[in-house]
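Here are some questions and answers on a protein model. Keep the sequence and the 3D view open while you read.

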Amino acid sequence: METKSNSMGLGIFIVVALLILAAGVFLIGDKDFLFNSTYRLKAGFQNVVGLNKGADVRVGGLREGTVSEIDLSRPPDRTVTVVMKMRKATMGVLRKDSIAAIKTEGILGDKYVEITLGSKEAATVEDGDAIHSEPTVDVADVANSVALQVKSTLAAVQVDMEALRQNFLLRGFFNRRGYEDAGDLTKHATARLPAKRALKEFAYEVGDLFDKADGVKLKNQKVLDEAGQFLEKNGFGVAVVVVSAGMVGDSEKERTLTQTQAMGVRDYLVQTFAVDDTRVKTMGLGKTKQAGDSGKVKILVYSGVGAAPTGQTTAPTGHLGQ
């Protein structure tokens with residue numbers, strides 16, 4: 001009976017000893033630098049963005065301390081004070097101009113405090129010193145900034161792609177009509193209109209002739225038949241196809257577009273009707289205030305004058321038969 005009692009007592013002793021050992025290990029593990037001499041440093045931050053007590057404090061990338069307290073300061077400071085427990089060995093390394101910064105492990109990892117070494121000329125830190133800090137970068141702010149940059153970049157790419165698309169459209173227009181490049185658009189161009197009033201004027205909206213306001217494909221050629229028949233049945237000195245765009249858009253692009261549209265109208269007239277093609281000229285004005293929002297196309301017919309000068313694209317003189 002006595003042996004059984006002794007065995008039970010021994011078992012209880014062993015269990016209690018194990019519990020005490022486990023508690024000791026836990027408590028010791030929870031006390032950083034328990035067997036090292038330490039001192040305290042402080043740093044104030046506007047916000048600590050997820051920094052927790054017990055977080056690492058690193059010097060030169062090495063773990064040399066832990067965050068022991070995080071306190072909200074009273075007005076007028078309105079800062080968050082981070083108290084750090086540091087190894088005594090760093091006291092001779094860190095300087096009063098050292099700077100504390102809250103960093104993140106990777107992109108979404110734990111927060112820690114990184115302290116710079118400071119300059120050799122500055123005095124070393126002492127227990128309880130407050131060192132300067134740098135503003136904390138919030139991951140959400142960085143993400144928003146990156147998102148805005150991406151959005152801006154995508155918008156720029158879309159603009160470039162639209163310009164490239166238009167170039168392909170114009171190049172396709174050139175190739176289908178035997179033009180080598182945009183320079184061919186001005187081979188029938190006139191630099192100015194005759195000084196006298198036009199004998200006849202035909203006026204159209206760009207949208208009525210082309211598939212769209214910034215398009216180069218004729219969708220309703222028959223609208224031009226009245227003008228073509230007039231040229232075919234009546235003697236004329238020169239006829240000028242004048243195309244102008246509204247004030248919206250890139251100036252150079254709109255000039256090239258109106259030159260292209262004028263060439264398209266001219267091609268239809270000279271290929272469909274029996275007219276002297278050397279007397280049918282083009283003039284792409286680009287952006288003009290008189291063109292309205294959708295752009296204008298005019299065919300101005302003059303009698304008793306020779307062909308206007310070609311190969312130039314300067315601004316016209318004279319009137320537009322208005």
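Q: In which sense do E8 and E11 pair, and over how many bridges?
A: This is a predicted model, where local features need pLDDT of at least 70, side-chain atom pairs count only at pLDDT 80 or more, and totals for chains, interfaces and linings use all residues. Residues are numbered from 1 along each chain as its sequence is written, and side-chain values use heavy atoms, with hydrogens and water left out. Strands (E, at least two residues) and helices (H or I, at least four) are DSSP runs, numbered from the N terminus, and two strands pair if DSSP finds at least two bridges between them. E8 and E11 pair in the antiparallel sense, over six bridges.

Q: Which residue in E11 is the bridge partner of Ala203?
A: Strands of a sheet pair through backbone hydrogen bonds, either parallel or antiparallel. For Ala203, the bridge partner in E11 is Lys298.

Q: What is the strand order of the open sheet, and which are its edge strands?
A: The sheet has four strands with mixed pairing, in the order E8-E11-E9-E10. An edge strand pairs on one side only; here these are E8 and E10 (280–287).

Q: At what angle does H4 run to E8?
A: Axes are lines fitted to C-alpha atoms, for helices over the stretch in contact, and angles run from 0 to 180 degrees between N-to-C directions. H4 lies across E8, E9 and E11. Its angle to E8 is about 160 degrees.

Q: Which residues of H4 are buried?
A: Buried means under 20% relative accessible area, exposed over 50%, and partly exposed in between (1.4 Å probe, protein chains only). The cover over the buried residues of H4 includes E8, E9, H5 and E11. In H4 (residues 225–233), the buried residues are Asp225, Ala227, Gly228, Phe230 and Leu231.

Q: Is Ala101 buried or exposed?
A: Ala101 lies in strand E5 (residues 99–104). Contact means heavy atoms within 4.5 Å. Beyond its neighbours within four places in sequence, Ala101 is in contact with Phe45, Tyr112, Val113, Glu114 and Glu134. Its relative accessible area is 4%, so Ala101 is buried.

Q: Is Leu21 buried or exposed?
A: Leu21 sits in helix H1 (residues 2–30). Its relative accessible area is 53%, so Leu21 is exposed.

Q: What share of the 322 residues is buried?
A: The chain has five helices and 11 strands. Among contacts between residues at least 6 apart in sequence, 76% join residues at least 24 apart. Buried residues make up 36%.
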